[in-house]
Amino acid sequence: MGRGKCSTIILALGFTLLMCSDSIVVSAETHVVGDSKGWGFSVSYDSWSSGKTFAAGDTLVFNYQGGVHNAVAVSASEYRSCKVRNAADAAATASGTARFGLKKGVNYFICGVPGHCAAGMKIRVVAN
């Protein structure tokens, strides 16, 4: 996980004092959405996310079939309606991978290709 922070202080009399703090340094994690199955129709994303802990600064990686799907960060209303405001977000992307940094609070993502979100390609993640 993380490590406490230690500092060495050399005193004038030649003694060395090691001071350690109790703070823990935690690095951001990368989460692959859907694990080995990726981002598609075969995963329940509510079930996938329910057993995981997310933090602000973590990264979500969406791996999907290029030219068929995409992954779009959306607002709560776009998530509920499964409709993106920006028409460009409704197009499949050729890359097959998308990465998003999580912000503190609720983060929403959908496949913006028409019909895909309604078929289950949507995920809501809460980052602490």
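1. Asp35 is found in the loop between strand S3 and helix H1 (45-50); helices here are DSSP runs of H or I with at least four residues, strands are E runs of at least two, and both are numbered from the N terminus. Its phi is near 50°, a positive value in a residue other than glycine. Asp35 is partly exposed, with a relative accessible area of 44%; buried means under 20%, exposed over 50%, and partly exposed in between, using a 1.4 Å probe and protein chains only.

2. A word on the basis, before going on. This is a predicted model, in which local features need pLDDT of at least 70 and side-chain atom pairs count only at pLDDT 80 or more, while totals for chains, interfaces and linings use all residues. Residues are numbered from 1 along each chain as its sequence is written, and side-chain values use heavy atoms, with hydrogens and water left out.

3. Cys82 sits in the loop between helix H2 (76-81) and S6. Phi of Cys82 is near 60°, again a positive value in a residue other than glycine. Cys82 is partly exposed, at a relative accessible area of 24%.

4. Now to the sheet. It is open, with 3 strands in the order S3-S4-S6 and mixed pairing; two strands pair if DSSP finds at least two bridges between them. S3 (30-32) and S6 (97-101) stand at the edges with a single partner strand each, so one side of each is left without a neighbour in the sheet. On average, neighbouring strands are turned by 20° against each other, direction ignored; the axes are lines fitted to C-alpha atoms (for helices, over the stretch in contact), and angles run from 0 to 180 degrees between N-to-C directions.

5. The parallel part of the sheet joins S3 to S4 (residues 59-63) through 3 bridges. Here Val32 stands opposite Val61, and Thr30 has Thr59 as its bridge partner. The chain crosses from S3 through H1 to S4 in a right-handed β-α-β crossover, meaning that, with the strands pointing away from the viewer, the path from the first strand over the helix to the second runs clockwise.

6. The antiparallel part joins S4 to S6 by 5 bridges. Phe62 stands opposite Ala98 in S6. As for burial, S4 is mostly covered, with 4 of its 5 residues buried.
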